[in-house]
Amino acid sequence: MKEYRHQKILVPVDGSKMTHHLMERAIEIAKQNDAQLDILNVIQIDQLTDGFASAMEIDDDGTYQMVKTIEERLDDLQKMAEKAGVANVHIHMRFGNPKEVIAREFPHDHRTDLTIIGATGLSRVASFFVGSTTAYVVRYSPCDVMVIH
């Protein structure tokens, strides 16, 4: 039986405590497969318009600063992967519903064949109200999904 090698690996990150461990595993698997590694952060729009942030009057400058900060953190993760030996690393930032972007949109747009996702990034209370992004990705993704605990 011929060994299957994943060529395009997606690792969605949210900046939680799980991010570093998730990146370590994704780097290891990308190196083993000599694969492209796509690092993705999804900025959830309804958090900006319906949650606490709406009370803060997020203006263009605030949005710019938030995007700039996330981009800097993604750049750091890209450098981490490159320093570890992953030759083909790309960072991405999207606005939208994380469940849909991670499970359907990004894999479709980028022909992802493996998504490596953390078991949880939110607190238990937030997961209860928001629902599990990981469970949704496992259920609806068109590609293989590896869940890291």
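Helices here are DSSP runs of H or I with at least four residues, numbered from the N terminus. The model is a predicted one.

**The aromatic pair.** Let's begin with the rings. The count comes to 1 aromatic pair. Its partners are Tyr136 and Tyr140, with 4.6 Å from centre to centre and 45° between the planes, a tilted arrangement. How are Tyr136 and Tyr140 placed in helix α6? They sit 4 residues apart in α6 (residues 133-140), so about one helical turn separates them. Their surroundings are summarised below.

| Residue | Relative accessibility | Class |
|---|---|---|
| Tyr136 | 15% | buried |
| Tyr140 | 38% | partly exposed |

Tyr136 counts as buried because its 15% relative accessibility falls under the 20% cut-off.

What do they pack against?

**Where α1 meets α3.** Now for the other helices. The axes of α1 (residues 18-33) and α3 (residues 60-83) come within 10 Å and cross at roughly 35°. The crossing of α1 past α3 is right-handed. On the α1 side, the contact involves Thr19, His20, Met23, Glu24 and Ile27, which meet Leu77, Met80 and Ala81 of α3. By type, the residues of this contact are 5 nonpolar, 2 polar and 1 charged.

Definitions and conventions:
Residues numbered from 1 in each chain as written. Predicted model: local features only at pLDDT ≥ 70, side-chain atom pairs only at ≥ 80, totals over all residues. Heavy atoms only, no water. Phe/Tyr/Trp six-rings, centres within 6.5 Å; stacked < 30°, edge-to-face > 60°. Helix = DSSP H or I, 4+ residues; strand = E, 2+ residues; numbered from the N terminus. Buried < 20%, exposed > 50% of the residue type's maximum accessible area, 1.4 Å probe, protein only. Axes fitted to C-alpha atoms, helices over the stretch in contact; angles between N-to-C directions. Left-handed = near helix turned anticlockwise from the far one by under 90°. Contact = heavy atoms within 4.5 Å. Nonpolar A, V, L, I, M, F, W, Y, C, P; charged D, E, K, R; others polar.
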